[in-house]
Amino acid sequence: MKKAIALFLIGMICILTACSGQDSQSALDPENPVTLNLWHYYTGDNKIAMEEAIESFNQSVGMESGVFVNAIAQGSVLELEEAVTAAANGTVGAAEMPDLFSCYPDKAVELDALGKLCDLNAYFTQEEKDKYVTEFLNGGIFDEDRFLIVPTVKSTEILYANQTALNEFFVATGQNASSLTSWEGAYQMAQQYYQYSGGRSLIGIDSLANYIIIGNRQLGVQIIDGANSQAVLNRQAMKKVFDVYYGGMSMGYFNAVGKFRSDDIKSGDLLAFVGSTSGAAYFPTWIEKDNTQSDIDFLALKYPVFEGGEDIAVSQGAGIAVTASTPEKEEGAALFLKWLTDPEQNIEFAMNTGYLPVEKAAYDSDGVSQKLTEMAAGETAEQNVAAVYQIALDQVEEGKTYASLPFNGSYTVRTYLEDSLESMCQSGKENAQALRDTGLDDDAVLKQLDLDARFEEWYAMVKNELDLSGIAYIEE
Amino acid sequence: MKKTMSLRRQLNIIMALIVVFQSVALILALAFFQVFDMLDAEAVRVFSSTTANQSQTLNDAQAKLIESFTQETELLNDNLLETTLDYGLAPEDIYLNDQAYDAVALAASQTLFSVLEQTDVTGAFMVLNGSNAKKDSESAHSALYLRNLTPELDKASNYQLNVGPIAIAKNYHLPTSTDWNLDMVIKADDQTNNFYFNPLNAAQNYKGSELARLGYWSPPQDILGDNQRVITYSLPLLDQAGNPYGVVGIEIEQSFFSDEYLSDEDFPYTDGFYMVAAVDDNQINTNWFVTGNVVAKAYLTNQNFLVLSKRNDEGLYATTMPGHFKVNLSLQTLNLYSENSPFVDENWSLLGVVPENVLRANSASIREKLIYVFIVTNLMAFAIVFVTMHFFTRKITRLSDYVKNLSPYDQVDFKSTGMREIDDLTAAITVFSQSLTNVSKTTSKILELSLLPMGGYEITENGKNVVLTDFLYWILHLDPGAVISKAEWEFCYARLTKEKIPDQESIFKYFDNYENRIYWLRIIEAKSPSGVVGVVMDVTSEIEEKNRLVDELENDALTGLFTATSFKRKVENRINEQIDGIGAMVFIDLDNLKYINDNFGHEMGDRLIIQASQIFRYFQKYGGIVSRISGDEFAVYLHGYSKPQILLNMIRNLYPYSEAFTLRMPTGEESRIRFSAGVAWYPKDGSDPDTLLKRADFAMYEAKSKEKGKLYEFDPEYYQKMSYLLENREAINRLLDEELITFAYQPIVDLKTGEVAAYEALMRSLLENFKGPQEILSVASAQSKLLQLERLVMQKVFQSIENHQKVIAGRKIFINSIPNQLLREEDRRQIIDRYQPFFKQVVIEIIERESTDSEMLLQKADFIRAHGMQVAIDDFGNGYSNELRVLNLMPDIIKIDIDMIQGIHKNDDKRNLVANLVTFCHEKEVLVVAEGIEDSADLQTVIELDIDYAQGYYLAMPDYKILDIPNVVKQEILENRKSSSEN
């Protein structure tokens with residue numbers, strides 16, 4: 001009897017120690033794998049690169065640890081955000097929250113307020129966090145300490161140009177590319193190109209919102225002031241930003257025809273555009289000309305700067321956020337993100353498509369430069385991407401990038417700035433065309449358009465919208 | 001002897017065997033009818049039919065897709081043929097003309113756009129037989145390829161142009177892909193291009209077939225070289241003659257395919273999933289497969305083949321997935337093509353995959369539950385068998401127990417068992433037992449009639465109970481005839497034999513709790529053939545008589561003399577024998593026992609006592625009764641003499657007689673044995689032994705206190721006076737132990753002011769035994785307790801001063817110190833530590849006596865002064881004191897004795913004496929107090945004599961409270977003072 005009791009006690013002790021032992025270990029179990037849904041907004045090459053990375057993860061680390069990731073493309077950033085918001089709010093007919101999803105800081109702030117996000121501090125040691133480029137990491141940390149977004153890839157914006165076509169214009173007019181370093185210069189060159197080409201546009205802007213925010217920032221204004229949770233409206237800066245774009249677009253010096261400006265290059269509608277490095281692969285090596293392919297050279301230039309402004313370009317790129325759920329899923333998600341951002345994977349995943357790796361080690365070691373050498377020796381398309389990095393790396397390494405610190409509502413500010421200016425330009429364009437049709441020359445048309453009055457109109461619209469949305473702002 | 005087994009056990013075994021047999025039969029039945037196999041078969045059937053349903057759904061969806069796409073294709077084809085006609089070209093040559101191609105591309109884009117919008121596909125394409133951009137190239141083919149990037153969302157804004165003129169992108173505001181191109185590269189040797197060649201070849205080989213027959217499903221292939229594996233369905237574009245000039249197709253990206261057609265949402269198995277793959281020869285070729293399960297996808301991607309083994313279960317396969325998951329598969333071949341299709345041999349199957357343990361979870365669970373039920377029912381059956389058998393056999397067991405416990409005196413009364421055979425048996429036994437009982441009763445009666453206070457008992461080896469006779473019931477206070485078990489008897493026997501009397505065979509002292517008296521019992525046991533027989537006899541009267549004799553003869557163990565008790569009894573007897581005789585009670589106390597004991601030990605002390613007893617045996621020859629009363633006290637009683645003188649002479653002779661006896665000390669010297677003695681006379685001093693003893697004791701006490709080692713006769717007068725000394729021996733101890741003294745305060749008045757200058761603290765007993773302080777002192781002195789008394793007085797008086805500090809108001813307090821007593825150092829220290837602050841107001845009165853040790857007196861006075869107290873000489877002039885000693889002591893105050901003061905007003909001698917004393921004292925700066933002022937005249941005289949202070953009843957009586965003197969007296973003093981100073 002005593003023996004039996006002793007055996008029973010020993011058994012109990014073993015069970016207890018086994019239990020406590022397991023507690024301190026991982027929640028993951030290869031015998032009972034977890035499947036994680038990842039929603040992303042990547043399309044085309046980026047989507048394929050992401051899917052390849054995931055497939056590789058599932059077959060290696062994932063299989064060993066019992067984590068399998070299932071990637072689901074949700075269309076554009078906007079559509080992804082709509083889908084995530086619907087899921088988070090439990091809208092009727094909405095899908096369940098994904099376990100991981102691409103997420104911009106603005107959205108993270110909003111979703112965290114709903115308690116939907118996992119604070120990744122629980123799964124990342126300080127050492128692991130320190131691996132990331134400080135600015136990229138800071139972009140994912142909110143409220144001092146909540147680590148909500150893991151930076152996966154980053155991008156900045158540069159100026160892409162069809163060098164072949166541009167050279168023709170330069171040769172004919174004696175201009176050169178140096179004018180493209182400033183917005184004012186770009187505007188003037190576009191004006192001249194319009195005359196030269198008989199009404200064709202020179203330049204386009206992919207992200208109007210970035211143009212407004214970075215333009216302000218170059219002029220020393222943080223229009224999205226996350227630190228104070230407010231918008232800052234500086235008339236002078238706004239006016240400069242407005243004049244270049246509204247004037248350019250209305251007069252047809254600037255343009256936006258296809259869905260993306262790279263499409264406009266392909267169709268020959270534009271010679272240059274400012275856009276994300278992540279679109280590098282979309283920049284063509286040839287354009288369609290008379291039903292055939294016509295080869296072009298590529299010129300990568302820095303993002304233009306307003307005269308007298310600071311040399312700054314955007315730093316952007318959604319990271320990936322993890323939904324608050326079970327310990328297994330959260331831990332699995334963290335495992336996947338650590339794997340994805342490790343230079344070994346990250347360089348391959350990011351750099352094929354013009355993105356920037358996120359860990360310091362990628363830049364410190366030869367990883368990036370080796371990849372660039374490889375790409376420069378590859379096909380034309382790859383060479384183009386490599387050329388983009390010549391500009392982008394300079395921006396990042398010299399710290400000349402800027403990401404606005406978001407606040408709850410800043411996304412509305414951003415969207416509204418873009419939409420309102422866009423619609424202003426739409427009518428501006430029609431008005432200008434009507435005026436031109438009456439035979440007025442460009443200067444007269446511009447005068448008739450009355451940029452000052454239009455600016456006031458826009459400025460008032462912006463203020464009104466901010467008032468309506470209840471977003472705090474100050475005027476300078 | 002034949003081996004026996006209890007009835008209950010036999011029945012239990014039979015019933016248990018029946019239960020076991022039933023269970024075995026049930027198990028055999030379950031096995032024979034293959035119940036679990038049937039359950040599994042049912043699971044398999046459900047699984048197969050679920051997969052079949054899914055397969056049907058998939059077939060239907062694809063058929064619908066094909067039908068709708070075929071229609072669109074036919075319309076497009078007609079449209080294109082018309083367009084080519086407009087340009088006057090054969091359809092095969094369209095690509096050669098830029099404008100015609102642009103028009104064809106536009107028309108096709110409309111169809112492809114609408115296909116994307118209306119069907120659940122991820123892409124749609126048209127590929128022509130040559131390239132418009134690269135007209136000379138053999139492998140380049142003009143194509144239009146549109147993709148829906150988000151088929152789930154079904155948003156046209158997410159369509160993308162992968163291949164085709166940029167004009168199409170502008171027209172539909174579509175983005176172009178990174179690998180956007182104008183042509184597709186199609187090569188015949190490239191497997192991935194089957195989507196193009198297969199329908200094209202079919203069209204050539206089966207001319208005139210309806211279009212739907214020529215459609216081809218291509219397994220997932222990366223046809224655009226962008227790592228997107230897509231399933232395609234393509235149809236040829238046919239000219240009027242049925243010659244193909246291109247293909248039109250739709251693509252379904254494989255993950256969308258699995259979402260759309262292989263959703264395991266309705267699949268009722270955890271971790272189960274659907275998969276589409278080609279199955280040949282029980283092998284899945286994993287070159288391609290489509291599944292929504294990422295885990296399976298990850299595991300199968302690195303595997304070339306997955307071998308399936310056919311299970312016995314109808315239509316089911318089993319295999320082990322990479323990663324060691326055992327799964328069962330249900331295989332359904334998909335009907336992708338109509339029977340007359342050239343591609344009908346292409347074998348695509350839908351596989352339902354379920355982990356083996358999940359599929360068979362039901363039967364496993366039921367099997368498990370059945371085992372539990374089986375165990376539980378069997379246990380219950382056994383329990384029921386045991387319980388019912390217990391109740392059944394209990395009646396018989398009870399019957400036998402009843403008979404076993406029967407005593408021979410019991411009335412036999414069997415309870416009916418309800419079983420006829422057994423009831424008949426018990427009836428026969430009842431009759432037999434009746435006759436046995438009668439025989440036994442007769443024997444018992446005979447014994448009872450013998451009238452002896454005795455009883456007997458019998459314990460048989462086999463019997464449970466003990467047989468007792470009536471006497472034993474009586475003495476043990478048991479209900480007559482009650483059944484006494486062996487255990488009970490053992491308890492009773494133990495009680496009876498608890499106290500054996502030593503030196504007495506078989507005699508026991510038994511205390512009867514009920515009657516509260518002692519019995520003496522003789523208990524004798526003897527073995528009988530069947531056990532033990534015993535006799536118990538009451539011998540109380542014999543033993544008591546014997547004990548009384550023994551008691552009377554009892555002597556003092558040490559000396560062999562009578563003890564005090566027997567002495568008194570004997571004395572009484574002697575007096576009673578000759579009541580008119582004369583007797584002498586001699587009380588003797590050894591003088592040096594304490595000394596001997598203290599110095600040489602009790603053994604020597606004992607020898608002294610023995611030696612002394614030898615001396616006192618001297619009286620035995622005169623018929624004296626000699627006793628050692630206690631310790632060192634002896635008593636002798638002589639009686640029956642006519643004259644006391646004879647007795648007295650006899651007694652006095654004891655002293656010379658005793659000189660012959662000595663005690664040899666350890667030091668070697670021979671010590672005399674000394675004793676003091678007292679005599680009391682019968683009947684003069686007392687008529688009973690106790691009184692005589694007490695009186696003789698007193699006489700002895702007198703001797704001891706006056707002349708040790710002498711004989712004193714009892715002196716009634718002295719007894720009258722001093723009896724308290726004896727009587728209060730205890731009282732003084734109590735007084736000291738319980739500190740039962742208090743103080744009365746008598747004012748001492750300043751004769752110059754009339755105010756109270758001081759109080760004298762006068763000791764009072766709280767016990768009534770003492771009439772006054774003097775008695776306390778006397779008893780304490782007699783008991784050598786003076787030092788203790790002095791200590792008590794000092795502690796209490798200081799305590800009292802402390803308590804009354806407020807009313808005393810700084811006035812002096814006179815305290816009487818006991819003569820010849822000097823407190824021990826530790827006691828003094830205690831008083832100094834505690835009461836030092838009061839010392840300055842304390843005056844210690846010391847008395848001079850003839851017997852006073854003058855050295856000690858000086859010492860005392862020094863001590864008093866050394867600590868800041870004052871010294872007063874008390875009772876000065878009472879006959880003991882003299883002026884010389886006063887000088888020696890250097891007192892601060894002299895209190896003139898009451899004898900000198902009382903009547904001073906009418907005694908010139910006293911007055912002169914006092915006047916001289918006052919003069920003398922004042923010269924020496926000694927203050928004078930007149931004690932005992934009891935009338936007005938004395939007071940007046942004292943004032944005239946310039947005495948400083950006075951006390952006495954006339955001024956104020958002592959009181960427990962500290963009081964002032966009456967104002968009248970104050971007035972009188974002041975007036976006297978006034979008149980005396982005037983004189």
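This is a predicted model: local features need pLDDT of at least 70, side-chain atom pairs count only at pLDDT 80 or more; totals for chains, interfaces and linings use all residues.
The secondary structure of chain B consists of 31 helices and 37 strands. The radius of gyration of this chain is 70 Å, well over the 30 Å that the globule rule gives for 983 residues, so chain B is more spread out than a compact globule. Along the principal axes, the C-alpha trace of chain B extends over about 190 × 115 × 60 Å.

Of the 983 residues in chain B, 47% are buried, and the accessible surface of the chain amounts to about 50200 Å², with 52% of this area belonging to carbon and sulfur atoms. When contacts in chain B between residues at least 6 apart in sequence are considered, 61% of them join residues that are at least 24 apart.

A disulfide is a covalent bond between the sulfur atoms of two cysteines. A search of the whole structure, covering all chains, finds zero disulfides. In the case of Cys103(A), the closest cysteine sulfur belongs to Cys118(A) and is 13 Å away, which is too far for a bond, because a disulfide requires the two sulfur atoms to be within 2.5 Å. Cys103(A) is buried, with a relative accessible area of 2%, and Cys425(A) is likewise buried, with a relative accessible area of 2%.

Methods:
Residues are numbered from 1 along each chain as its sequence is written. Chains are lettered from A and ligands numbered from 1 in the order in which they are written. Side-chain values use heavy atoms; hydrogens and water are left out. Helices (H or I, at least four residues) and strands (E, at least two) are DSSP runs, numbered from the N terminus. The radius of gyration is taken over C-alpha atoms; the globule rule is 2.2 Å times the number of residues to the power 0.38. Buried means under 20% relative accessible area, exposed over 50%, partly exposed in between (1.4 Å probe, protein chains only). Contact means heavy atoms within 4.5 Å. Accessible areas come from the Shrake-Rupley method with a 1.4 Å probe; for residues, only the protein chains shown count as cover.
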